[in-house]
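Please read them with the coordinates open.

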Amino acid sequence: LVQPVESGGGAVQAGGSLILSCTASGNNFDSSTWCMGWFRQAPAKERAGVATMIPRLGSIRSASSVKGRFTISSDSAKNTLYLQMNSLQPEDTAMYYCAATPTWTRCVSSDSVLTSTYNYWGQGTQVTVSS
């Protein structure tokens, strides 16, 4: 069983920054070969992809709403995924989830932003941005 664990959420004012981290543990987990991503879910809204990556290919996909503001990265030595969030806006307020799948080929296409692509999910970390 692989269990991602998110950290780094909090409350900030508009224009501020946060860094989210996701560390996963479990047999056979290797962040350098899996596909991993960040999703978010605001109240009364569906969970949506924010940014995903396949470290072994250096392939990254980001939602248009966060391009230029959010950066996804990973550190394979630490088995950790990051999401650097700059210029945060109130509409970024949501619960942020880390997700992972060993079937990285499913992330090559636009399926990478579908929740159904991922096998493992963290419990989420709350990000609240005030105006």
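1. Is Arg 40 buried or exposed? In this predicted model, Arg 40 has a relative accessible area of 15%. Buried means under 20%, so Arg 40 counts as buried.

2. The partner of Arg 40 is Asp 92, and the closest N and O atoms of this salt bridge are 2.9 Å apart. The two residues come from distant parts of the chain: Arg 40 sits in strand β4 (residues 35–41), Asp 92 in the loop between β8 (80–85) and β9 (94–101), and 52 residues separate them. Asp 92 is buried as well, at a relative accessible area of 0%.

3. Asp 92 also meets the side chain of Arg 69 in a salt bridge, at 2.7 Å from N to O. Here too distant parts of the chain are linked, with Arg 69 in the loop between β6 (59–62) and β7 (70–75), 23 residues from Asp 92. Both Arg 69 and Asp 92 are buried. The structure holds 2 salt bridges, and Arg 40, Arg 69 and Asp 92 are linked through them in a network.

4. The largest nonpolar core has 27 residues. Among those with the most contacts inside it are Trp 38, Val 50, Phe 70 and Leu 81. Elements giving two or more residues to this core are β3 (18–25), β4, β5 (48–54), β7, β8, β9 and β11 (125–130). A second, separate core of 6 residues includes Cys 35, Ile 54, Ala 99 and Cys 107.

5. Leu 81 is worth a look on its own. Leaving aside residues up to four places away in sequence, Leu 81 touches residues including Leu 20, Met 36, Trp 38, Met 53, Ile 72 and Cys 98.

6. There are 5 aromatic pairs in the structure. In one of them, Phe 39 and Tyr 118, the ring centres are 5.2 Å apart and the planes stand at 75 degrees, so the pair is edge-to-face. Phe 39 lies in strand β4 and Tyr 118 in the loop between β9 and β10 (120–121), so the pair ties together parts 79 residues apart in sequence. Phe 39 is buried at 0% relative accessibility, and Tyr 118 is buried at 6%.

7. Phe 29, Trp 34 and Tyr 120 form one aromatic cluster. Arg 47 lies over the face of Tyr 97, at 3.6 Å from the ring centre, and also over the face of Trp 121, at 4.9 Å from that ring centre.

Definitions and conventions: Residues numbered from 1 in each chain as written. Predicted model: local features only at pLDDT ≥ 70, side-chain atom pairs only at ≥ 80, totals over all residues. Heavy atoms only, no water. Salt bridge = Lys/Arg side-chain N within 4 Å of Asp/Glu carboxyl O. Helix = DSSP H or I, 4+ residues; strand = E, 2+ residues; numbered from the N terminus. Buried < 20%, exposed > 50% of the residue type's maximum accessible area, 1.4 Å probe, protein only. Core = buried A, V, L, I, M, F, W, Y, C linked by side-chain atoms within 4.5 Å. Contact = heavy atoms within 4.5 Å. Phe/Tyr/Trp six-rings, centres within 6.5 Å; stacked < 30°, edge-to-face > 60°. Lys NZ or Arg CZ within 6 Å of the ring centre and 35° of its normal.
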